[in-house]
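Hi,

Here is the structure I promised to pass on. Have a look at it first, then read my notes below.

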Amino acid sequence: MAMPTQQKYPLMIHKPIFRILDLCCGDGGSAVGYAKALEALDYKVEILGIDIERMEDYPYFFIQDDVVDFIERTPYEWFQQFDLIHASPPCQWASITRELAIAQGNMPSDINIMPEIRIFLKQGDIPYVIENVVKAWACERCNSLRMRGEKAIPGCKECKEVRKPHTILCGSSFDLAVQRHRMFETSFPIEKLPCNHKTDSWPIGPKGKPKPIGIYHSLNDYVGMSKWKRWDKGGRKGPEPTLGGWTAKTLEEAQQAMGISHITKWNRLKEAIPPAYTEHIAKCFIDWRNKQPKPKAQVQEKKMLDAN
């Protein structure tokens, strides 16, 4: 009896799943950037965000919980299902706009859970990203001063050394209308991008120089409104701030400046980071991971797929 000829049938190839845990997730500015980059690389992306407040615009799976409490009561094995952990701890305690907020009668939060999150991530073996304002990384002396409600040492050399290994990203590097300097501490290398503070993406401010749109405090908020006439390429007119930049006139202008469309509340948008930042970081992470030695099981699986 003749044996049937062997035929090769195509295997059902499924997209690889990439799981991200998004701690202190806010309304998902970071998450959207990761998803955009990874989906373009043909991954199926699953993101879980955790935040102490309910985030109505968060576009992925969400748990409302205290992040530090969640970490302390959850077995580490649960976290190992994720390919990457991103953390954006509250930053108001270290923000450069803190003094301005106090002067305007607002009381910024003093919550600082960054030390607990850093210890958790650095002691583990899961790749991680920690994002915050630049001044959140400081020497012990300056941190102690802040804890007592005092100002950090201006131009502190020890703080500069603490920040040296980490990466600062700027909106100007991605042709955004914001500056939004943010620092990233990661367990893998990130390509550093130069700032371009003369970018055509920034409106023209005093003395004919480009100036970024501010996404902080209140919409349409100007400081020192008596001396300058407001003008730029878009024909905006009115008083020009004598200090710093200006905040967006409308929520739509702010969304466009940040490259964000899904966050619909000003109070949430001003706490977000542009998705372009984490889109860049995701690409760097995949480049780095692809260069790492693969486990034997993955090598055998690839050989079987190639044979078919």
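A term to start with: a residue is buried if its relative accessible area is under 20%, exposed if over 50%, and partly exposed in between (1.4 Å probe, protein chains only). At 10% relative accessibility, Cys24 therefore counts as buried.

Before the rest, two notes on where the values come from. This is a predicted model, so local features need pLDDT of at least 70 and side-chain atom pairs count only at pLDDT 80 or more, while totals for chains, interfaces and linings use all residues. Residues are numbered from 1 along each chain as its sequence is written, and side-chain values use heavy atoms, with hydrogens and water left out.

Now the overall picture. The protein chain has 11 helices and 11 strands; these are DSSP runs, numbered from the N terminus (helices are H or I, at least four residues; strands are E, at least two). Of the 308 residues in the protein chain, 44% are buried. If you take the contacts (heavy atoms within 4.5 Å) with a separation of 6 or more, 65% of them are between residues 24 or more positions apart.

Back to Cys24, which sits in the loop between strand S1 (17–23) and H1. Its phi is positive, about 55°, although Cys24 is not a glycine. Asp175 does this too, with a positive phi of about 60°. Most residues other than glycine have a negative phi. Asp175 is in the loop between strand S6 (167–169) and strand S7 (182–186), and at 56% relative accessibility it counts as exposed.

Next, a helix pair. How do H1 and H10 pack? Helix H1 (residues 29–40) and helix H10 (residues 275–290) have their axes 7 Å apart, at an angle of about 45°. Axes here are lines fitted to C-alpha atoms, for helices over the stretch in contact, and angles run from 0 to 180 degrees between N-to-C directions. Angles under 35 degrees count as roughly parallel, over 145 as roughly antiparallel, 65 to 115 as roughly perpendicular and the rest as oblique, so H1 and H10 are oblique to each other. Among the residues that make the contact are Val32, Tyr34 and Leu38 of H1, and Ile281, Ala282 and Ile286 of H10. Glu279, also in helix H10, is buried, with a relative accessible area of 17%. Leaving aside neighbours within four places in sequence, Glu279 is in contact with Gly33, Tyr34, Lys36 and Ala37.

Thr247 is in strand S11 (residues 246–247) and is buried, at 1% relative accessibility. Glu72, in helix H2 (residues 67–73), is exposed, with a relative accessible area of 63%. Glu72 and Glu116 are 44 residues apart in sequence and 9.9 Å apart in space, C-alpha to C-alpha.

Cheers
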